[in-house]
Amino acid sequence: YSSAVQKFSQTLQSFQFDFIGDTLTDDEINIAESFKEFAELLQEVELERSMMVQNASDLLIKPLENFRKEQIGFTKERKKKFEKDGEKFYSMLDRHLHLSSKKKESQLQEADLQVDKERHNFFESSLEYVYQIQEVQESKKFSIVEPVLAFLHSLFTYNNLTVELTQDFLPYKQQLQLSLQNTRNHFSSTREELEDLKKRMKEAPLTCKLPGQPTIEGYLYTQEKWALGISWVKYYCQYEKEAKTLRMTPMDQKPGAKQGTLDLTLKSCVRRKTDSIDKRFCFDIETNERSGTITLQALSEANRRLWMEAMDGKEPIYHSPITKQEEMELNEVGFKFVRKCINAVETKGIGTEGLYRTVGSNVQVQRLLNAFFDPKCPGDVDLQSGDWDIKTITSSLKFYLRNLSEPVMTYKLHKELVLAAKSENLDYRLGAIHALVYKLPDKNREMLELLIQHLVNICEHSRENLMSPSNMGVIFGPTLMRAQEDTVAAMMNIKFQNIVVEILIEHFGKIYSGPPEDTTAPPVPPPRVAARRHKPITISKRPLRERPVFFGASVEESGGQSGCALMHNLPLAPPVSFNAFPGAMEVGKLVARLQDGGAKPAGKAANGVVTSPVLRTSTLQARRPAPRPGIYGKEGECDGVPKPRSHGDKPVITRPPVRPPDPPCRTPVPLKLDQRPDLIAGTAEEMPSSV
């Protein structure tokens, strides 16, 4: 198992993530480094495990083997000597008793001397054997228990270190969960935009916008009026939006015709009513070079929409009030609509779970928008009534903001805002976005302040609605910011749009307290020489712990100290927490749980590292009662460890008090771990003396 874990750790260490795009968010950096953190953690656990196995050999097996060889083996030798001397003595004694009394006196005296000598040897061997048995039986009480006790201490120390790693891992796990949830949210929003872009690209013709080329180009048919009637001529047209120039190259050149390429400057573009002409997909343009209107025919309805969008075309009839060009701007009616929506949400739905994330019915949204933007009585809708639920109001507000002709944070500043969010320097991020906010037009900045203040109020109720600044950034990033050109590269920057909105929410007080001293954005910082200021979250680079003295050393190598003496030299283990890991949860619930922990969650730089509050955990030490005088009776003694004596003091031998006789028919019961006096309720005076 340990070998498999180490191989798995090596695999994690060598694994490399691939990312698309030129810049990673702080959450993506945390995810990219996570496998290396996991590998370091697994290696540390396996190192502790191997040391625990080594301690099993050094602290338990070797001392017991030495005791068996030195003490029990020596006792067996004494037993053999005792049996040999005993056999010799008794055999000689038998021969001596069979001697005849008629032998000479000198022979009898010599035999008596030999018997006495053998008796002395036998007596000495028996004493040594009995003494050795007594020594083995007495030393067994501590020589065998001490190694087991030391090994148990080693085992529990390993378990304690594992629990400490768990405590270190828990805040890292929670922070990484936040990064994973944020990245998942960015992925979901980006995927929706990419699917929408893919759908539009499938529906649009191939003659569409090309990077580095005119805004749009392709085939158009032009209505030509002649004396004998009307004809339609095919042109290859190229339109440059910035200069408003339209180049038309005729494709049906007739023999002898002198007609060449036309360069026109566009004045206006209007869609042609279907009932006003017998051709489909037509629109009219006016130019400076020609008087009157020029009627053009596109290849399809989708192609006409592209040409009209590029030429800022207008609709002749507006069936839906929300699609009117003048009402797609930030005008008084739009401000009134936004304020009414915000007031309704904060009055009756600010605690709704999933606020702004849950989508309302499209039918109800269109009904609300048509009623509010009705030209006859604009704004005459009571959103506080029961006719409109919270989902309809929030979806209508998002629809209005996303369908503005220009996003609230403008096309002009879009690129600068995204570049600011991509910066690794957190101070630069905040400073640049602060400065860019005050470059917005006045009405845009007013609308942005109104919306961000609303989002701040929602996030203050995140424990009820589970909407954190990161969640609101995912929802309102594509709503308040939008690239002018729809490309895959622009879609990949949506996560940085989300970060911009997240920064605006988290630093609302500072940003809207006033413009910065210099309204121009600070210069882009030079390439970093020092370490990254916003370091990724880490667990493997924490300070090393002090290791116990006995690790890796046997009892003999410890200077002759006993196992108990070794354990007295060990540092006291820190409190051990047995809190279980929380299950995976959404980022909103995780933030709410952190806030319930009693400590206020620390501020987090946008899309950066959340510094989790210190977790309040129950510990073993908190459950231990204070030492009692009846158990630790001497001053200067604590937790059962005697106060060390000075060099000149003599040890004081304290005899236990005379134990009263046991009650009849009752045998003494050994004290068990679960019957310790310090765990029994009541005071020492209330305990029976037999305990």
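The report that follows takes up the basis of the model, then the cores, then a helix, then the salt bridges.

## Basis of the model

This is a predicted model, in which local features need pLDDT of at least 70 and side-chain atom pairs count only at pLDDT 80 or more, while totals for chains, interfaces and linings use all residues. Residues are numbered from 1 along each chain as its sequence is written, and side-chain values use heavy atoms, with hydrogens and water left out.

## Nonpolar cores

A nonpolar core is here a set of buried Ala, Val, Leu, Ile, Met, Phe, Trp, Tyr and Cys residues joined through side-chain atoms within 4.5 Å, where buried means under 20% relative accessible area, exposed over 50% and partly exposed in between (1.4 Å probe, protein chains only). The largest such core has 64 residues, and L448 and L480 have the most contacts inside it. Helix α11, spanning residues 442-459, gives the most to this core, with 8 residues; helices (H or I, at least four residues) and strands (E, at least two) are DSSP runs numbered from the N terminus.

Leaving aside residues up to four places away in sequence, L480 touches L401, P407, V408, M409, L448, L451, I452 and V501, contact meaning heavy atoms within 4.5 Å. A second, separate core of 22 residues includes I216, L220, L296 and M308.

## Helix α15

Helix α15 (residues 494-506) has 13 residues and reaches 19 Å from its first C-alpha to its last, close to the 18 Å expected at 1.5 Å a residue, the expected span being 1.5 Å times one less than the number of residues. Because 12 of the 13 residues of α15 are buried, this helix is largely enclosed by the rest of the structure; among the buried residues are K495, Q497, N498 and E502, as well as F496 and V501.

## Salt bridges

With a salt bridge taken as a side-chain nitrogen of Lys or Arg within 4 Å of a carboxyl oxygen of Asp or Glu, the count comes to 16. One of them joins D58 and K62 at 3.5 Å, N to O, and both residues lie in helix α2 (residues 26-97), 4 residues apart, about one turn of the helix. D58 is buried, with a relative accessible area of 4%, whereas K62 is partly exposed at 38%.

E118 forms a salt bridge with K88, the closest N and O atoms being 3.6 Å apart, and this pair links distant parts of the chain, with E118 in helix α3 (residues 105-143) and K88 in helix α2, 30 residues apart. E118 counts as buried at 9% relative accessibility, while K88 is partly exposed at 45%.
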